[in-house]
Amino acid sequence: MQTRNDSAVITVLFFGVIAERLQQRTIKIAARPGLTVADVVCEAGCAGFHPLLVAHNQCQISDMNRVVGAGDEVAIMPPFSGG
Amino acid sequence: MSASVRVQDDDFSIEDEVLALRQCSPRIGGVTSFLGCARDFSEGRAVSSITFEQYAGMAEQALVALHDEALARFDIIAVRIIHRVTEVHPGEQIVLIVVGAEHRAAAFDGCRWIIDTLKKRVPIWKKEQTSQGESWVSPHP
């Protein structure tokens with residue numbers, strides 16, 4: 001479920017080829033108890049992207065079971081290609 | 001003096017960055033650098049330009065963490081890292097790493113580690129405009 005009420009939402013950011021394929025750069029997902037990064041990836045429609053990288057509040061993480069809460073930011077990213 | 005770690009649109013001067021690094025300490029006896037530039041080809045296709053996307057905030061944080069970790073890992077004295085995130089054309093500068101140490105071995109090792117690790121840890125992406133359309137760049141080893 002998506003909502004625009006910023007006080008109780010998680011901001012999800014998309015980058016690179018993922019943003020291009022989804023045709024959007026950000027969405028809001030309603031926060032709820034026990035919501036994990038894996039849940040966010042699924043709700044954002046990104047479960048089919050491989051490989052993908054995830055950051056929680058601007059820190060890259062590998063634990064997809066990490067719980068996220070209201071006001072958090074989750075970035076769903078393709079592998080980096082800077083340099 | 002400009003910050004030693006920067007993500008920016010503007011071009012940079014290698015000479016200015018090396019000078020700034022050397023002014024950090026009179027103990028610096030060796031300076032190494034890596035300069036990444038835009039090529040005019042990629043996987044057999046002509047490339048007319050490259051655009052960059054960054055995760056603003058996290059990209060600079062990741063570069064600062066890289067800078068700090070390099071200083072802790074290697075016997076080096078000073079590091080400067082600059083990455084551009086604008087549109088660049090073949091021959092133009094993209095990324096610069098400058099490392100100063102008492103001796104050359106540590107400077108070379110630190111510089112190599114920084115560029116290799118930057119490619120894995122810093123949320124920046126390249127998109128090439130080629131003769132066959134646009135395409136996102138896959139990570140290079």
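Of the 31 residues in the largest nonpolar core of this predicted model, seven touch the most other members, namely B:L63, B:I76, B:I97, B:V99, B:I114, B:L118 and B:V122. Several elements of chain B, β1, β4 (45-54), α2 (58-73), β5, β6 and α3, each supply at least two residues of this core, and the largest share, 7 residues, comes from α3(B). In soluble globular proteins, nonpolar side chains tend to be buried together. Apart from this core lies another, of 20 residues, which includes A:I10, A:A19, A:V37 and A:L52.

**The sheet of chain B and the helix across it**

In chain B, 4 strands form an open sheet with mixed pairing, and their order is β1-β5-β6-β2. The edges are held by β1 (5-8) and β2 (30-37) of chain B, each of which pairs on one side only, and from one strand to the next the twist averages 5°. Within this sheet, β1(B) pairs with β5(B), residues 76-84, in the parallel sense over 4 bridges; B:V7 has B:H83 of β5(B) as its bridge partner, while B:Q8 stands opposite B:R84 in β5(B). The pairing of β5(B) with β6(B) is antiparallel and runs over 7 bridges, and here B:R80 stands opposite B:V98 of β6(B). The strand β5(B) is mostly covered, since 8 of its 9 residues are buried.

Helix α3 of chain B, residues 104-121, lies across β2, β5 and β6 (93-101) of chain B and runs at about 145° to β6(B). The surroundings of B:I97 can be listed residue by residue: leaving aside residues up to four places away in sequence, B:I97 touches B:T32, B:S33, B:F34, B:R80, B:I81, B:C111, B:I114, B:I115 and B:L118.

**Strand β1 of chain A**

In chain A, β1(A) is largely enclosed by the rest of the structure, because 6 of its 6 residues are buried. In a regular strand the side chains alternate between the two faces of the sheet. Both faces of β1(A) are covered, with A:V9, A:T11 and A:L13 buried on one side and A:I10, A:V12 and A:F14 buried on the other. This strand has an antiparallel pairing over 5 bridges with β2(A), residues 26-30, where A:L13 stands opposite A:T26. It is also joined by 4 bridges to β5(A), and these two strands run parallel; the bridge partner of A:F14 in β5(A) is A:I76.

**Aromatic rings between the chains**

Over all chains, the structure holds 4 aromatic pairs. A pair of aromatic rings is described by the distance of the centres and the angle of the planes. Two of the pairs, which share B:W125, are set out below.

| Ring pair | Centre to centre | Angle between planes | Arrangement |
|---|---|---|---|
| A:F15 and B:W125 | 5.0 Å | 15° | stacked |
| A:F80 and B:W125 | 5.7 Å | 70° | edge-to-face |

The pair of A:F15 and B:W125 counts as stacked because its planes stand at 15°, and planes under 30 degrees apart fall into that class. This pair crosses between chains, from A:F15 in the loop between β1 (9-14) and α1 (16-22) of chain A to B:W125 in strand β7 of chain B, residues 124-130. The second pair joins two chains as well, because A:F80 lies in the segment after β5 (73-77) of chain A and B:W125 lies in β7(B).

Ring pairs link A:F15, A:F80 and B:W125, together with B:Y55, into a cluster.

**The loop at B:P90**

B:P90 lies in the loop between β5 and β6 of chain B and is partly exposed, with a relative accessible area of 36%. Leaving aside residues up to four places away in sequence, B:P90 touches B:A38, B:R39, B:D40, B:V47, B:S48 and B:S49. The C-alpha atoms of B:P90 and B:A46 are separated by 9.8 Å, although the two residues are 44 residues apart along the chain. B:R39, one of the residues that B:P90 touches, lies over the face of B:F41 at 5.5 Å from the ring centre.

Technical notes. Residues numbered from 1 in each chain as written. Chains lettered and ligands numbered in written order. Predicted model: local features only at pLDDT ≥ 70, side-chain atom pairs only at ≥ 80, totals over all residues. Heavy atoms only, no water. Pairing = 2+ DSSP bridges. Axes fitted to C-alpha atoms, helices over the stretch in contact; angles between N-to-C directions. Contact = heavy atoms within 4.5 Å. Phe/Tyr/Trp six-rings, centres within 6.5 Å; stacked < 30°, edge-to-face > 60°. Lys NZ or Arg CZ within 6 Å of the ring centre and 35° of its normal. Core = buried A, V, L, I, M, F, W, Y, C linked by side-chain atoms within 4.5 Å. Buried < 20%, exposed > 50% of the residue type's maximum accessible area, 1.4 Å probe, protein only.
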